[in-house]
Structure formats: structure tokens, C-alpha cells
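Hi everyone, thanks for coming. Please have a look at the sequence and the structure on the screen, and then I'll walk you through a few places in it.

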Amino acid sequence: MIQDYKNKKEAEPKQIRKLGNKSLNIVWSDDHISEYTFYKLRIHCPCAACVDELSGKKVLDSKQVAPLIQGLNVNIVGNYALSITFEDGHSTGIYPFKYLRQICSCKIWLEN
Ligand SMILES: [Zn+2]
Ligand SMILES: [Zn+2]
């Protein structure tokens, strides 16, 4: 495999579980466990409609997102990311595993 092994190891999910329509649970290869509500995932959507591609600034207004928004569908994309379909019909966001690890609520990885 032609991939940076270290990078891959940092952010490879061992198990991805959708807990009902409310949250998503990821167990990582280093046994770190992350739990995300779909609200959190929705407001962190990295797609071009939610984040300005040039400035990297968020254009999505979090207040427009229902706090209890549900996730209808979670799919693995190309072995490196998740694609999520939300209750509000939004489904253009591709969430790379590395990004998901970064937005984990423990914030350990945001500092690196
Ligand atoms: Zn989006
Ligand atoms: Zn964490």
C-alpha cells in the first residue's frame, strides 16, 4: 500500500457504530473512542456549502441547525472518509477519518 503508515495509523477507525439516529461512535486503531452527535457532525460539515473553500471560514450558521438533528445514513467513502446524510437533507459533506479524529470532543488532537 502506498500510504503514509503513520498517518494512517493515527486516524484509522477500528469500528464505526451508528447509535440510533442520534450519534455516531468510532473506536480508533489506538483504542481511543470518539462519540459524536449528529448535530456536532452537521455543524462541522466540511463541504463547500458549509465552509468557504478559499478562506476556510465556516459559512454555515449553526443556529440554523436543529440541536437534535438526526443522521439518517452513514457510508464509508473510498476507505478514508464518511459520508453522512442528515435529517435536513444535507449529504454533501465528506468527513475524512483524520478530520473526524480532530473534531473529537476531547480536543487532544486539535493542538497538534
Ligand atoms: Zn455541508
Ligand atoms: Zn477524543
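This is a predicted model: local features need pLDDT of at least 70, side-chain atom pairs count only at pLDDT 80 or more; totals for chains, interfaces and linings use all residues.

Let me start with Asn-75, which counts as exposed because it has 10 C-beta neighbours inside 10 Å.

Residues are numbered from 1 along each chain as its sequence is written, while chains are lettered from A and ligands numbered from 1 in the order in which they are written.

Back to Asn-75. You'll find it in strand β4, residues 71–77. Strands here are DSSP runs of E with at least two residues, helices are runs of H or I with at least four, and both are numbered from the N terminus. Leaving aside neighbours within four places in sequence, Asn-75 is in contact with Leu-82 and Ser-83; contact means C-beta atoms, placed from the backbone, within 7 Å. Its C-alpha atom is separated by 9.7 Å from that of Ile-94, 19 residues apart along the chain.

Now, which sheet does β4 belong to? It is in an open, antiparallel sheet of three strands, in the order β4-β5-β6. The edges are β4 and β6 (94–96), each pairing on one side only; two strands pair if DSSP finds at least two bridges between them. Neighbouring strands are turned by 30° against each other on average, direction ignored. That angle is taken between N-to-C directions of lines fitted to C-alpha atoms (for helices, over the stretch in contact), on a scale from 0 to 180 degrees.

Six bridges join β1 to β2, and Ile-16 has Ile-26 in β2 as its bridge partner.

Let's zoom out for a moment. The protein has three helices and six strands, following the pattern α-β-β-β-α-β-β-β-α along the sequence. Of its 112 residues, 15% count as buried.

So what about the inside? The largest nonpolar core has 11 residues, including Leu-24, Tyr-36, Ile-84 and Phe-97. A nonpolar core is a set of buried Ala, Val, Leu, Ile, Met, Phe, Trp, Tyr and Cys residues joined through C-beta atoms within 7 Å. At least two residues each come from β2 (23–28), α2 (38–43), β5 (81–86) and α3 (97–102), and β5 gives the largest share, three residues.

Finally, two loop residues for you to click on. Most residues other than glycine have a negative phi. Asp-31, in the loop between β2 and β3 (33–37), has a positive phi of about 70°. Asn-79, in the loop between β4 and β5, also has a positive phi, of about 70°. Are they buried or exposed? Asp-31 counts as exposed because it has 7 C-beta neighbours inside 10 Å, and Asn-79 counts as exposed with 9.

How values were computed: A residue is buried if 20 or more other C-beta atoms lie within 10 Å of its own, exposed if 12 or fewer, and partly exposed in between; C-beta atoms are placed from the backbone. Two residues are in contact if their C-beta atoms, placed from the backbone, lie within 7 Å.
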